[in-house]
Amino acid sequence: TRTEITSIANALGADPAQDVFLGREASEGQVKTMDLSPYKVIAFATHGLVPGDLNGLTQPALAMSSPQASGDKDNDGLLTMGEILGLKLNADWAVLSACNTASADGKGAEAVSGLGRAFFYAGTRALLVSNWPVHSAATTELTTELFSRQAANDNLSRAEALRQTRVHLIDEAGFKDNQGRTVFSYAHPIFWAPFTVVGDGGGGRAPSW
């Protein structure tokens with residue numbers, strides 16, 4: 001997840017010192033107190049939870065850093081649907097990556113639906129969501145390629161950027177070893193099919209976080 005977020009930031013020309021929060025810095029309090037309205041891409045690489053996953057959890061939520069690790073004693077480390085509704089966003093994209101939002105019992109639909117609605121109400125115009133657990137290196141390749149393509153072309157819609165990125169993974173990308181040799185291809189759908197654009201609306205990109 002660290003590599004993925006860093007790669008997205010690099011593709012968008014974000015400032016790692018001000019715009020990227022990793023590990024213990026990725027706290028619930030940071031999200032809730034930061035002015036997020038200037039950011040056009042809001043990306044979370046974490047785990048999505050549905051009601052019942054934890055005792056007392058009654059809403060879909062994103063897992064943030066543990067309060068014991070982050071020192072964020074005023075929060076429980078779960079960014080719930082209700083708390084997302086209270087955010088003030090003006091984002092072209094919200095990326096919910098590696099969320100595990102399509103569990104076998106069907107509860108994943110509740111997670112992506114509830115979290116998605118919350119982000120839309122908070123001011124997001126489109127979502128990029130993963131529908132099942134993903135391969136880390138392939139996800140990094142996909143998100144980096146996707147946002148690089150959007151950054152290079154003002155007129156490229158989100159859906160078309162994702163389509164082109166999938167074709168790139170099928171035709172050109174693969175997992176490489178330390179010597180730069182391709183060990184296996186990313187052509188199989190397991191590497192690129194999990195990701196879906198929700199609420200594209202035909203819009204293009206904005207260049208900054």
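Two strands are taken to pair if DSSP finds at least two bridges between them. Strands themselves are DSSP runs of E with at least two residues, helices are runs of H or I with at least four residues, and both are numbered from the N terminus.

Colleagues, the model is predicted: local features need pLDDT of at least 70, side-chain atom pairs count only at pLDDT 80 or more, and totals for chains, interfaces and linings use all residues. Residues are numbered from 1 along each chain as its sequence is written, and side-chain values use heavy atoms, with hydrogens and water left out.

I begin with strand 6, residues 127-130. Strand 6 pairs with strand 9 in the antiparallel sense over 4 bridges, and T196 in strand 9 is the bridge partner of V129. Strand 6 also pairs with strand 5, here in the parallel sense and over 3 bridges; V129 stands opposite L96. Strand 6 is covered on both faces, with L127 and V129 buried on one side and L128 and S130 buried on the other. Buried means under 20% relative accessible area, exposed over 50%, and partly exposed in between, with a 1.4 Å probe and protein chains only.

Next, the cores. A nonpolar core is a set of buried Ala, Val, Leu, Ile, Met, Phe, Trp, Tyr and Cys residues joined through side-chain atoms within 4.5 Å. Which members of the largest core touch the most other members? They are W93, L128, L146 and F147, out of 27 residues. Among the elements giving two or more residues to this core are strand 1 (41-45), strand 5 (93-97) and helix 7 (136-152). Helix 1 supplies the largest share, 5 residues. A second, separate core has 20 residues, including L96 and L127.

As for W93, beyond its neighbours within four places in sequence, its contacts (heavy atoms within 4.5 Å) include K40, T124, L128, F147, R158 and V197.

Strand 3, residues 61-63, pairs with strand 4 over 3 bridges in the antiparallel sense, and A63 has L78 as its bridge partner in strand 4.

Finally, F175 lies in strand 7, residues 174-176. Why is F175 classed as partly exposed? F175 counts as such because its relative accessibility is 31%.
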